[in-house]
Amino acid sequence: MSLDRNAASNIAKVLTEALPYIQRFTNKTIVVKFGGNAMIDQDLKTQFARDIVLMKLVGMNPIVVHGGGPQIGDLLKRLQIESRFVDGMRVTDTATMDVVEMVLGGTVNKEIVSLLNTNGGKAVGLTGKDGGLIRAKKLKVTQKSPDMAKTEIIDIGHVGEVEHISTDVLDMLVNSDFIPVIAPIGVGPDGASYNINADLVAGKVAEVLKAEKLMLLTNIEGLLDKSGKVLTGLSTKQVDGLIEDGTIYGGMLPKIGCALDAVKAGVTSAHIIDGRVPHAVLLEIFTDTGVGTLITNKTL
């Protein structure tokens with residue numbers, strides 16, 4: 001394909017402008033949580049794969065953590081297994097956990113690995129059970145009882161939280177030029193499997209690796225203020241204030257909480273980005289404006 005002079009000049013300009021960012025992030029670890037529309041739309045999936053492969057080729061160390069809630073829900077429906085939720089978390093009995101492992105550790109994980117490899121990468125799929133990557137413990141959920149006099153603990157089955165991340169497998173893969181792709185399934189001390197929120201796994205992986213960036217792909221533009229404008233360039237103190245005054249509430253709290261915890265634990269910055277935007281990952285890394293909300297531990 002031949003290019004006219006203007007098109008060629010634009011490509012050269014883009015590459016030149018990207019150079020300082022490439023230099024800044026060479027050998028840096030960037031953890032990307034892949035979810036939302038970006039996991040469903042075929043064009044967005046391909047663009048995401050190319051973004052991750054390009055990051056690796058220019059010297060960065062991307063690690064992908066993925067979800068798969070809609071895909072799990074679809075298979076449960078086909079198998080006529082009822083889905084129930086408590087505070088947004090899927091109640092996961094033994095039959096449901098079998099489906100979760102099948103979908104997350106099998107179908108979804110291998111599709112992402114295949115996408116990355118097809119686009120020139122060298123990806124390896126993992127669950128938290130591989131090499132003891134994610135040690136989990138059972139998540140305890142408390143709710144007010146109907147009479148509101150006391151709280152009660154609700155058993156939601158094989159839903160867990162991260163107790164420990166082992167970096168051995170990740171270090172080996174990253175140093176061998178592979179791209180790790182992690183399904184958020186942990187293992188308990190008794191060998192039981194646990195379904196863990198992918199945002200939380202991505203945040204903990206970023207924390208233990210002291211990552212340069214944690215990037216959470218979503219189906220929204222980013223964190224919005226009360227007038228609907230996207231907020232970015234936030235310090236941890238500012239985010240704490242936005243939680244206190246009610247700007248951040250409801251379903252956004254867990255995602256922001258995950259990003260905030262990671263940054264407070266030493267991750268340089270966390271990004272809530274709009275995965276519906278083509279090449280959202282590259283735009284966030286290689287441009288000043290980005291496509292979402294940035295939270296940093298640096299003084300602004």
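Predicted model: local features only at pLDDT ≥ 70, side-chain atom pairs only at ≥ 80, totals over all residues.
Biologist: Why are helix 3 and helix 4 called oblique to each other?

Modeller: Helix 3 (residues 69-78) and helix 4 (residues 94-118) pack at an angle of about 130°. Angles over 145 degrees count as roughly antiparallel and 65 to 115 as roughly perpendicular, with the rest oblique. Helix 3 and helix 4 are therefore oblique. Their axes lie 9 Å apart, and the crossing is right-handed.

Biologist: Which residues of helix 3 and helix 4 meet?

Modeller: Gln71, Ile72, Leu75 and Leu76 of helix 3 meet residues of helix 4 including Val99, Met102 and Leu104.

Biologist: What makes helix 7 and helix 8 roughly antiparallel?

Modeller: The axes of helix 7 (residues 236-244) and helix 8 (residues 252-264) cross at roughly 155°. Angles over 145 degrees count as roughly antiparallel, and therefore this pair is given that name. The crossing is left-handed. Among the residues that meet are Asp240 in helix 7 and Lys264 in helix 8; the contact has six nonpolar, one polar and two charged residues.

Biologist: How do you know that the residues of the UniProt feature "binding site" gather at one spot?

Modeller: The unreviewed UniProt entry places this feature at Gly68, Gly69, Arg90 and Asn195. They span 128 residues in sequence, yet no two of their C-alpha atoms are more than 12.0 Å apart, so they gather at one spot. Gly68, Gly69, Arg90 and Asn195 also belong to the lining of the largest pocket. Gly68 itself is found in the loop between strand 2 (61-66) and helix 3.

Key:
Residues numbered from 1 in each chain as written. Heavy atoms only, no water. Axes fitted to C-alpha atoms, helices over the stretch in contact; angles between N-to-C directions. Helix = DSSP H or I, 4+ residues; strand = E, 2+ residues; numbered from the N terminus. Parallel < 35°, antiparallel > 145°, perpendicular 65-115°, else oblique. Left-handed = near helix turned anticlockwise from the far one by under 90°. Contact = heavy atoms within 4.5 Å. UniProt positions renumbered as here; feature names shortened; annotations may be inferred. 1 Å grid on protein atoms, 1.4 Å probe; cavity = no way out; pocket = protein on both sides within 12 Å on 5 of 7 lines; lining within 4 Å. Nonpolar A, V, L, I, M, F, W, Y, C, P; charged D, E, K, R; others polar.
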